[in-house]
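User: Got a structure I'd like to chat through. Can you walk me through it?
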Amino acid sequence: CSSKTGLVGLTKTIAAELAPLGVTCNAICPSVLDTPIIQPVLDALQKETGASREEIMENFRKTYPTKKFTTTKQIGDYVVFLCSPAADNMTGLATPMDGGFSIV
């Protein structure tokens with residue numbers, strides 16, 4: 001939690017310092033992504049609960065208002081947008097990409 005807060009603060013500091021130079025800095029704040037990095041967590045939960053990977057992922061999904069995970073493609077698409085001229089006046093943002101989890 002403190003490291004995430006620190007990264008958001010760093011993002012805002014960099015954004016403020018570099019804005020006069022036309023440089024933007026934004027943070028993307030995803031929740032669980034179905035990538036290999038969560039495998040150790042899934043393994044531990046499978047061992048602890050006896051549930052299948054699919055059951056565990058479904059339980060995670062149920063906690064999101066959208067009932068679905070953000071995909072790596074969606075994150076990539078947002079990065080492309082942030083790097084485009086359309087976002088050249090967006091800086092210092094911390095954007096949750098978490099299926100609405102941060103609003104509940």
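User: Start simple: what percentage of the residues count as buried?
Analyst: Of the 104 residues of the protein, 23% are buried, meaning under 20% relative accessible area with a 1.4 Å probe, protein chains only. Keep in mind that this is a predicted model, where local features need pLDDT of at least 70, side-chain atom pairs count only at pLDDT 80 or more, and totals for chains, interfaces and linings use all residues. Side-chain values use heavy atoms, leaving out hydrogens and water, and numbering starts from 1 along each chain as its sequence is written.
User: Ok, and what's the radius of gyration?
Analyst: The protein has 17 Å, while a compact globule of 104 residues would be near 13 Å. That's over C-alpha atoms, and the globule rule is 2.2 Å times the number of residues to the power 0.38. The C-alpha trace spans about 55 × 25 × 25 Å along its principal axes.
User: Which order do the elements run in?
Analyst: From the N terminus, α-β-α-α-α-β, so four helices and two strands (DSSP runs: helices are H or I with at least four residues, strands E with at least two).
User: Switching topic: where does N26 lie?
Analyst: N26 is in the loop between α1 (2-18) and β1 (27-30).
User: What does the side chain of N26 reach?
Analyst: The backbone oxygen of M90, at 3.1 Å. A polar atom of that N26 side chain also lies 2.9 Å from the backbone nitrogen of L93.
User: And which residues does N26 touch?
Analyst: Leaving aside residues up to four places away in sequence, N26 touches T11, L82, M90, T91, G92 and L93, with contact meaning heavy atoms within 4.5 Å.

Methods. A polar contact is a pair of N or O atoms within 3.5 Å; within protein, one must be able to donate a hydrogen and the other to accept it, and residues adjacent in sequence count only if both atoms are side-chain atoms. Buried means under 20% relative accessible area, exposed over 50%, partly exposed in between (1.4 Å probe, protein chains only).
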